[in-house]
Amino acid sequence: MKMFLLGAAAGYVLGAKAGRGRYEQIVRTYRKVADHPMVQGAAGVARAKVGERFGRPRR
């Protein structure tokens, strides 16, 4: 738990120093990658596999 808090604090400090412009750039890049059709397809396959393995039984 201490390592997580230390990492979160370091991320906050580094993000604050980078500024809003860098934050917006990171968000745009994330959205561009997340919205890519190949990524969406892979995420759908992963969700289906997880659902098969850990999903609730269907009624």
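Predicted model: local features only at pLDDT ≥ 70, side-chain atom pairs only at ≥ 80, totals over all residues.
Buried residues, those under 20% relative accessible area, make up 3% of the 59 residues in the protein chain. Residues are numbered from 1 along each chain as its sequence is written, and side-chain values use heavy atoms, with hydrogens and water left out.

**Overall form**

The protein chain contains three helices and zero strands, and its elements run α-α-α from the N terminus on. The radius of gyration of the protein chain is 18 Å, well over the 10 Å that the globule rule gives for 59 residues, so the chain is more spread out than a compact globule. This radius is taken over C-alpha atoms, and the globule rule is 2.2 Å times the number of residues to the power 0.38. The C-alpha trace spans about 50 × 35 × 15 Å along its principal axes. The accessible surface of the protein chain comes to about 6000 Å², and 63% of that surface belongs to carbon and sulfur atoms. Such areas come from the Shrake-Rupley method with a 1.4 Å probe; for residues, only the protein chains shown count as cover. Helices (H or I, at least four residues) and strands (E, at least two) are DSSP runs, numbered from the N terminus.

**Confidence**

The predictor's confidence in each residue is given as pLDDT, from 0 to 100. The protein chain has a mean pLDDT of 85, and 93% of its residues reach 70 or more. Among the elements, α1 has the lowest mean pLDDT (83), and helix α3 (residues 37-54) has the highest (91).

**Helix α1 and its surroundings**

Helix α1 (residues 2-18) has 17 residues and reaches 24 Å from its first C-alpha to its last, close to the expected 24 Å. The expected span is 1.5 Å times one less than the number of residues. Helix α1 is hardly covered, as the count of buried residues among its 17 residues is zero. After α1 comes G19, whose phi is positive, near 95°.

M1 lies in the segment before α1 and counts as exposed at 75% relative accessibility. L5 has its place in helix α1. Together with F4, M1 and L5 form a nonpolar patch on the surface, with about 410 Å² of accessible area. Patches are made of residues with over 30% relative accessible area and no salt bridge; like charges are joined within 9 Å, and nonpolar side chains (Val, Leu, Ile, Met, Phe, Trp, Tyr) within 5 Å.

**The salt bridge**

A search of the whole structure finds one salt bridge, a side-chain nitrogen of Lys or Arg within 4 Å of a carboxyl oxygen of Asp or Glu. R20 forms a salt bridge with E24, and the closest N and O atoms are 3.0 Å apart. R20 and E24 are separated by about one helical turn because they are four residues apart in helix α2 (residues 20-34). R20 counts as exposed at 60% relative accessibility, whereas E24 counts as partly exposed at 28%.

**Distances along the chain**

E52 has its place in helix α3 and counts as exposed at 66% relative accessibility. The table lists two C-alpha separations.

| Pair | Separation along the chain | C-alpha distance |
|---|---|---|
| M1 and R53 | 52 residues | 29 Å |
| E52 and L6 | 46 residues | 36 Å |

Note on methods:
Buried < 20%, exposed > 50% of the residue type's maximum accessible area, 1.4 Å probe, protein only.
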